[in-house]
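Today I will talk about salt bridges. Please have the model open while I go through them.

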Amino acid sequence: MPPRVVRGIEVVSRETLKVNEYIGNVASKNTALSASVGQVTAPTEEQFYTPQFDEYCMVISGEVHLHTSESTKLVVKAGESATLPSGEEVKWSWPGACQYVHIRAPAVDLDYHSREAKAAAEVLPGGDKIIATASSDNHVKVWDVQKRSLLRTLEGHKNQVMSVSFSGDGKTLLSASTDRTAKIWSVEGGTCLQTLSGHTGPVYTAAFSADGGMVVTASHDRTAKVWETETGICTTTLSGHERQLHMAEFNWEGDMVATASDDATARLWNVETGACAIILKGHSEAVYSACFSRKGDMVTTASADCTAKVWKVEDGSCMLTLKGHTSWVRSAKFDAAGDRIVTASGDNTAKIWRVSTGDLLLTLKGHTDWLRMASFSEDMQQVVTSSKDGTARIWCPNSGCCLRKLEHGGWVRSVAFAPDGLDAGVKNLKPVRLLSRGVSAP
C-alpha cells in the first residue's frame, strides 16, 4: 500500500485542552494504534481512570503530571516520555501550557476520547477571586474571576478613574480620579461612603492603610495627602516633591508612606509628623510607583528609565536594579512573601523577578498595548495586569499561562485583587450597576 497523508481530527475540544488524533480509529481507521497530540493552554486536570492497555506519553513542551494517588505523582518534562501500565489507576494534570503526544495500542474509539473531554477541567490556581478594574470610561467595575462575570459597575466620578484598591477586609473599595477626588465605596451595597476632596490637580492613586483607618492619595499638584477613612478629613499633607506625584502607598504598619514622582525620586515619609525621612535617588527619569514589601524592610520602584529598583528602607540604599524591559516600567510590586516582584511595562509585557538574585523568572505576554499595573494575589497564586488594550488579564505566576481576559470596555488604568477570605455578603454579590449615590440603575 503506498504512503498516504491523513489530516488530524479534533477529538477533544475543551477551553483549556484540545486533542487531535492523527493515527487511529477516528482519523485513519487504523485499529492497531492511536496517536494523538494534546495542546493545553492553562492549568487543567482530569479524573482518575484505569487504562485497559498500556499507554505512552511523550512531552514536547511544558509538563505532564501523572498521579498514581492523591499524594503521589510522576512529573514528565519536555523531551521525556512515560509508560502508563494497563490496569493501574492514573490521573493526568497539567500545571500550565503543554504540548504532548499520547499513544495507545490498540487504537481507541471516539467514545474513549469522549471520556477525556468530560473528565478534563480547568484548575484555577488559588481558586476563585474577585477583582476590581478602574478605567478611562470613568467607571470602576467589580468582577468574579472564575465566572468571568461583572458584579458591579460603580458610577460617580466625573473623569477617568486612575486607580482602584480594596480595604484589608475587602468590604470597601477606594478609587482615585482625574476629577481631583478619591471615593470610598461599599463593595456589597455599591454606595459611595466618602468623597475625598482637597487636591488641586488630578488624583492618580489612592491606597488604604492595612487596618483601613487611613487613606493616602497622590496628585498632580505635587502633594500626597493622608485622610481619615471614617470622617473623610485630611490630617496630613506631604509636600516636597518638585514635580507631580504618580503614586503613594502605606507600609504595613501604617506609620510610613512611600511616594513616587516625575522628579525622578521616591520619598519615604513619617505619617505622624509629615516629615520626609528618606529620599531614594538613582533613577534617571520619572518614578511611576513606589511600594513597600510586606515586612516593610524594602521598597521597590518603577521608572521611565526602563528599570525597577529595590531599596533598603533602613538607609535608602539601592539593593538591586532590574533590567530587561524595553520600555518604561509603570509599576513594580512585591508578592506577600517579599520573594518576587512583578513589573508592568510599556513594552506590552509584565515580568516576574526573584528578589534575592534579580533573576528574571517569567515574561507574561498577551496584551496588545502597554501595561499600567500588575500585582500578585494575596495567596501569590495569581497575577493580575491592566492595559491600554481595554482588558485586565489573570495569569498563573508559576507557568506564565493567561487564565482569564476580562473586557472592561475602556483603557484599564488600574486593577486590584480583593483579599482572600471575604465574608459571604461580598463573595456572593449579585450583578447590578450602581451610581455613587447608591441607587440601582435601571
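Aspartate 379 is partly exposed, at 24% relative accessibility; buried means under 20% relative accessible area, exposed over 50%, and partly exposed in between, with a 1.4 Å probe and protein chains only. This is a predicted model, in which local features need pLDDT of at least 70 and side-chain atom pairs count only at pLDDT 80 or more, while totals for chains, interfaces and linings use all residues. Residues are numbered from 1 along each chain as its sequence is written, and side-chain values use heavy atoms, with hydrogens and water left out.

Which residue does aspartate 379 meet in a salt bridge? The partner is lysine 129, at 2.6 Å, N to O. A salt bridge here is a side-chain nitrogen of Lys or Arg within 4 Å of a carboxyl oxygen of Asp or Glu. Aspartate 379 sits in the loop between strands E35 and E36, and lysine 129 in the loop between strands E11 and E12, 250 residues apart. Strands (E, at least two residues) are DSSP runs, numbered from the N terminus. Lysine 129 is buried, at 4%. Lys129 and Asp379 also belong to a network of salt bridges with Asp420.

Next, lysine 91 and glutamate 45 form a salt bridge of 3.7 Å, N to O. That pair joins strand E9 to strand E4, across 46 residues of the chain. Lysine 91 is buried at 10%, whereas glutamate 45 is partly exposed at 32%.

Then there is glutamate 407 with lysine 405, also a salt bridge, at 3.7 Å. Glutamate 407 is partly exposed at 47%, and lysine 405 is partly exposed at 42%.

How many salt bridges are there in the whole structure? The search finds seven.

Conventions: Helices (H or I, at least four residues) and strands (E, at least two) are DSSP runs, numbered from the N terminus.
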